[in-house]
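Look at the model below and ask what lies inside it.

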Amino acid sequence: MDKLKIRPYILRLYKEPNKQNLIMLCFIVPVKSKVVSNDWNQFEKLVERTMKSLTNQIDDNYQIIVVCHEIPQMDFKHDKIEFVQVDFDPPKLDPNGTRDENREKKELDKSYKIKHGVKIAEKYHPDFLMVVDSDDLISNKILSYVNKQDQSSPGWYVNKGYNYKEGAKYLFYKNKTFNHLCGSSIIIRKDLIDELFVTEPWLWYMHETMETSAGNLQPLPFPAGVYSIANGENHFMSNNYTGTIIQRFLFDFSKYRQLFKKLAKYRIHPLNGKFKRTFNFYHIN
């Protein structure tokens, strides 16, 4: 056979992966209720940006399951997104309760929604699952990377990522243990998902997990997540809480050494074009 005819065929085989060998990945996105949101209209914009980031994947063998009480109103539509409304009550926060007490209620709500999303995901026959918080962003390379890995692997975790304070003109790059900070950081085989939950002191989705009964999760070799903080809706790193942390360090000089040690783990990173394309990032007004 003519070599000139053979070569295009070989190149086509190289560029087009065998679709039968691709994994099915389901993204589970738990969304807080409108009754516990500080600014629902602003929160809807955060959710929409997260949806645009998720649908920015290079490969398309995925499904997004958004679990919520109220469906956020968005201009953005995509056939890979399914909204699922739950019928249990939203958390009832106590205005006089402690931060930890109210956080427990929010984490319970989030965990129940994740578990409900996992059940809904069964109809798509996923090989792996990834929980993504509704205000975070992920790299468009995650799925294409996983597609090239051993499908019997227990999964992967986001070791490198970025912290972004809404409205800032730069990010902070964290080059390790990003999964200790951000909930959008674990890709796990579907049969192992229950191992990411603990029941003490309450039902809690443990995104810090790196060990499973099937072996250790492996780190993704590239920055794969953006953790949005101080956006008015993040119930852990809220505006008030980040402000409290800053004040604590300002008036307790014994903590400066600890602060500098923490800051040494981060590097300032610009909001350049490559970053914006990778995470489908844009500023929210």
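This is a predicted model. C26 has 0% relative accessibility, and because buried means under 20%, C26 counts as buried. C68 also has 0% relative accessibility, so C68 counts as buried by that cut-off. A disulfide is a covalent bond between the sulfur atoms of two cysteines. The structure holds zero disulfides.

Now take the protein as a whole. It has 285 residues, and 47% of them count as buried. Its secondary structure consists of seven helices and 16 strands. The exposed surface comes to about 15500 Å², with 51% of it supplied by carbon and sulfur atoms. Among contacts with a separation of 6 or more, 73% join residues 24 or more positions apart.

What makes up the largest nonpolar core? This core has 35 residues, and F27, M51, I64, I142 and I187 are those with the most contacts inside it. At least two of its residues come from each of β1 (25-30), α2 (40-54), β2 (62-68), β4 (128-131), α4 (142-146) and β15 (225-229). The most is given by α2, with six residues. Apart from this core lies another, of 22 residues, including V84, V86, Y157 and Y205.

Setting aside its neighbours within four places in sequence, I187 is in contact with L25, F128, L129, M130, I142, V146, P154, G155, W156, L217 and L220.

How values were computed:
Residues are numbered from 1 along each chain as its sequence is written. This is a predicted model: local features need pLDDT of at least 70, side-chain atom pairs count only at pLDDT 80 or more; totals for chains, interfaces and linings use all residues. Side-chain values use heavy atoms; hydrogens and water are left out. A nonpolar core is a set of buried Ala, Val, Leu, Ile, Met, Phe, Trp, Tyr and Cys residues joined through side-chain atoms within 4.5 Å. Buried means under 20% relative accessible area, exposed over 50%, partly exposed in between (1.4 Å probe, protein chains only). Helices (H or I, at least four residues) and strands (E, at least two) are DSSP runs, numbered from the N terminus. Contact means heavy atoms within 4.5 Å. Accessible areas come from the Shrake-Rupley method with a 1.4 Å probe; for residues, only the protein chains shown count as cover. A disulfide is a pair of cysteine sulfur atoms within 2.5 Å.
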